[in-house]
Amino acid sequence: MNKLFPELQMDIFTEGIAFLNQQFNDISFFVEDKGKENLYHVILSSLFPNIKLHNIYTLTGVKSVIIRAKRNLNNKKKVYIVDQDFSHILNKKENLCNLFYLKRYSIENYFLEKNAIIDYLIEEG
């Protein structure tokens, strides 16, 4: 691998794997969160039970996801998902038909339940 651009090389590799595995997915989902493929798989499989979904693919950060989304605007079988982070505050959201921003800072924020936090604070208080 090229040591100057390892992230670029990794993203090219990921796209190649996605191409080879396209027979296993009705839609290929690309996310920015390396190491959270299983988490996304569980969530997306639950949300879309009728879609054949074997793999979730991670790219190397938000910029990389956005670049790939722009390159694949006409490919309806590729969907890109990124954390909201501070994109909405910094006015850096891209408006692309195949790019979806989470409505929260990160995917983990969906697991925070207001009542659970209150219960925890009362117990620890």
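User: In this predicted model, which helix and strands each supply at least two residues of the lining of the largest pocket?

Analyst: The general idea comes first. Rolling a probe the size of a water molecule over the atoms shows where empty space is left. In this predicted model, helix 2 (37–47), strand 3 (78–82) and strand 4 (99–101) each contribute at least two residues to the lining of the largest pocket. Helix 2 gives the most, with 4 residues.

User: What is the volume of the largest pocket, and which residues are the closest to its centre?

Analyst: The volume of the largest pocket is about 270 Å³. Its lining has 14 residues, and Leu44, Leu47, Phe48, Ile81 and Phe100 are the closest to the centre.

User: How many nonpolar, polar and charged residues does the lining have?

Analyst: Sorted by class, the lining of the largest pocket holds 14 nonpolar residues, with no polar and no charged ones.

User: How do I read a nonpolar core, and how many residues has the largest one here?

Analyst: A core is read as a set of buried nonpolar residues joined through side-chain atoms within 4.5 Å. The largest nonpolar core here has 12 residues, among them Ala18, Phe30, Leu59, Val65 and Tyr80. Helix 3 (62–71), strand 3 and strand 4 are the elements that give two or more residues to this core. Helix 3 has the largest share, 3 residues.

User: Which residues does Leu59 touch?

Analyst: Leaving out residues up to four places away in sequence, Leu59 touches Asp11, Thr14, Phe30, Val31, Glu32, Ser64, Val65, Arg68 and Tyr80. A second, separate core of 11 residues includes Val31, along with Leu44, Leu53 and Val79.

Notes: Residues are numbered from 1 along each chain as its sequence is written. This is a predicted model: local features need pLDDT of at least 70, side-chain atom pairs count only at pLDDT 80 or more; totals for chains, interfaces and linings use all residues. Side-chain values use heavy atoms; hydrogens and water are left out. On a 1 Å grid over the protein atoms alone, a cavity is a set of points where a 1.4 Å probe fits but cannot get out, and a pocket is an open set with protein on both sides within 12 Å along at least five of seven lines; lining residues have an atom within 4 Å of a point. Grid points are joined across faces, edges and corners, and a volume is the space filled by probe spheres set on the points. Ala, Val, Leu, Ile, Met, Phe, Trp, Tyr, Cys and Pro count as nonpolar, Asp, Glu, Lys and Arg as charged, and the others, Gly among them, as polar. Buried means under 20% relative accessible area, exposed over 50%, partly exposed in between (1.4 Å probe, protein chains only). Contact means heavy atoms within 4.5 Å.
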